[in-house]
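The following exercises concern one protein chain. Please study the sequence and the structure before reading each solution.

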Amino acid sequence: LSGGAYLGGTGAANKLDDYEIGTWTPAVNTLNGFSGALTAAAGTYTKIGNVVTLAARIVFGNASGAITDGDSFTITGFPFSVVQIAGGAGVALFDNSVVKGIASQGGVRRAQIDGVFSAVTTANVVVTNTSSGTNRNSTPIGINFSYRAV
């Protein structure tokens, strides 16, 4: 598809000329509640036009205690920057800024992860709806979201 492909017609608006898949490595910058080091982080992405869909798996090792509501961290390292749109009173907003995820242990959903972009390359996420007794140590956290890229 070096010249692109047309979907649903031959007009310029129907031309698909940008499609990419790849991997990315999420970086966890700020931790609240997770005391252990990040031991695994891997992700994949699909970019079609300017829409990027990311999936990632994050694991903290040697963390103590149970996951609780309010535990939070910041993810960076996205393969493409997020589109910034105008906000009121000088507040920056980021298109499609909802981040969703699940923490699971033993194949069972144990907590929900919700977040928003706070900059063009940063998402802040927080744990909500936690099941009791889910260890922070080695519990995989799966994150999935889409956004509009610059």
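**Exercise 1.** Determine which pattern of secondary structure the protein chain follows along the sequence.

*Solution.* The model is a predicted one. Reading along the sequence gives the pattern β-β-β-β-β-β-β-β-β-β-β-β-β. The count for the protein chain is accordingly 13 strands and zero helices.

**Exercise 2.** State what percentage of the residues of the protein chain count as buried, and describe the exposed surface.

*Solution.* The protein chain has 150 residues, of which 33% count as buried. The chain exposes about 7600 Å². Carbon and sulfur atoms supply 52% of that area.

**Exercise 3.** Classify the aromatic pair formed by F117 and F145, and locate both residues in the chain.

*Solution.* A search of the whole structure finds nine aromatic pairs. In the pair of F117 and F145, the distance is 5.6 Å centre to centre, and the angle between the planes is 70°. F117 belongs to strand β11 (residues 108-119), whereas F145 belongs to strand β13 (residues 141-148). The two residues are 28 residues apart, and the pair links distant parts of the chain.

**Exercise 4.** Decide whether F117 and F145 are buried or exposed.

*Solution.* The cut-off for buried is under 20% relative accessible area. F117 counts as buried because its relative accessibility is 5%. F145 has 6% relative accessibility and therefore also counts as buried.

**Exercise 5.** Identify the aromatic cluster that includes F117 and F145.

*Solution.* The cluster is formed by W24, F78, F117, F145 and Y147.

Definitions and conventions
Residues numbered from 1 in each chain as written. Predicted model: local features only at pLDDT ≥ 70, side-chain atom pairs only at ≥ 80, totals over all residues. Heavy atoms only, no water. Helix = DSSP H or I, 4+ residues; strand = E, 2+ residues; numbered from the N terminus. Buried < 20%, exposed > 50% of the residue type's maximum accessible area, 1.4 Å probe, protein only. Areas by Shrake-Rupley, 256 points an atom, 1.4 Å probe, with all protein chains shown as cover. Phe/Tyr/Trp six-rings, centres within 6.5 Å; stacked < 30°, edge-to-face > 60°.
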